[in-house]
Amino acid sequence: TYIVNDACIECKYTDCVEVCPVDCFYEGENMLVIHPDECIDCGVCEPECPADAIRPDTEPDMEKWVEFNRKYSELW
Ligand code: SF4
């Protein structure tokens, strides 16, 4: 699963949203989020992000961001 972190805040690019094959990006308050259960881990969005805000959840200290992404994606 890929997860968006706060490097996304104020980023105006939406290239990641356009390439996602399962449309699992959602709008948070001031950044995009990925629904962790809908993401199929394809990785195509990661290189599209100019802010390097999309990271795999296997990286250290990602638990907080996984929950943040889940919370905001489930508001829709
Ligand atoms: Fe969508 Fe693939 Fe990125 Fe997951 S890794 S958010 S499925 S483009």
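## The salt bridges and their surroundings

Guide: Glu 10 counts as exposed, at 55% relative accessibility. Here buried means under 20% relative accessible area, exposed means over 50%, and partly exposed is in between, using a 1.4 Å probe and protein chains only. This is a predicted model, in which local features need pLDDT of at least 70 and side-chain atom pairs count only at pLDDT 80 or more, while totals for chains, interfaces and linings use all residues. Residues are numbered from 1 along each chain as its sequence is written, and side-chain values use heavy atoms, with hydrogens and water left out.

Glu 10 sits in the loop between strand S1 (2–4) and helix H1 (15–19). Helices (H or I, at least four residues) and strands (E, at least two) are DSSP runs, numbered from the N terminus. Although Glu 10 is not a glycine, its phi is positive, at about 70°.

The partner of Glu 10 in a salt bridge is Lys 12, with 3.8 Å between the closest N and O atoms. A salt bridge is a side-chain nitrogen of Lys or Arg within 4 Å of a carboxyl oxygen of Asp or Glu. Lys 12, at 69% relative accessibility, is also classed as exposed. In general, side chains of opposite charge can pair when their charged atoms come close.

The structure holds 6 salt bridges. Arg 55 pairs with Glu 46, the closest N and O atoms being 2.9 Å apart. Glu 46 is partly exposed, with a relative accessibility of 22%. Arg 55 also pairs with Glu 59, again with 2.9 Å between the closest N and O atoms. Glu 59 is partly exposed at 29%.

Salt bridges link Glu 46, Asp 52, Arg 55 and Glu 59 in a network. Asp 52 is in the loop between strand S3 (32–34) and strand S4 (54–56). Asp 52 is partly exposed, with a relative accessible area of 45%.

Next come the contacts of this region, where contact means heavy atoms within 4.5 Å. Arg 55 touches Thr 1, whose other contacts beyond four places in sequence include Pro 36, Cys 39 and Asp 41. Thr 1 lies in the segment before S1 and is buried, at 19% relative accessibility. Glu 46 touches Ile 54, a residue that is also in contact with Tyr 2, Val 4 and Phe 25, among others.

In soluble globular proteins, nonpolar side chains tend to be buried together.
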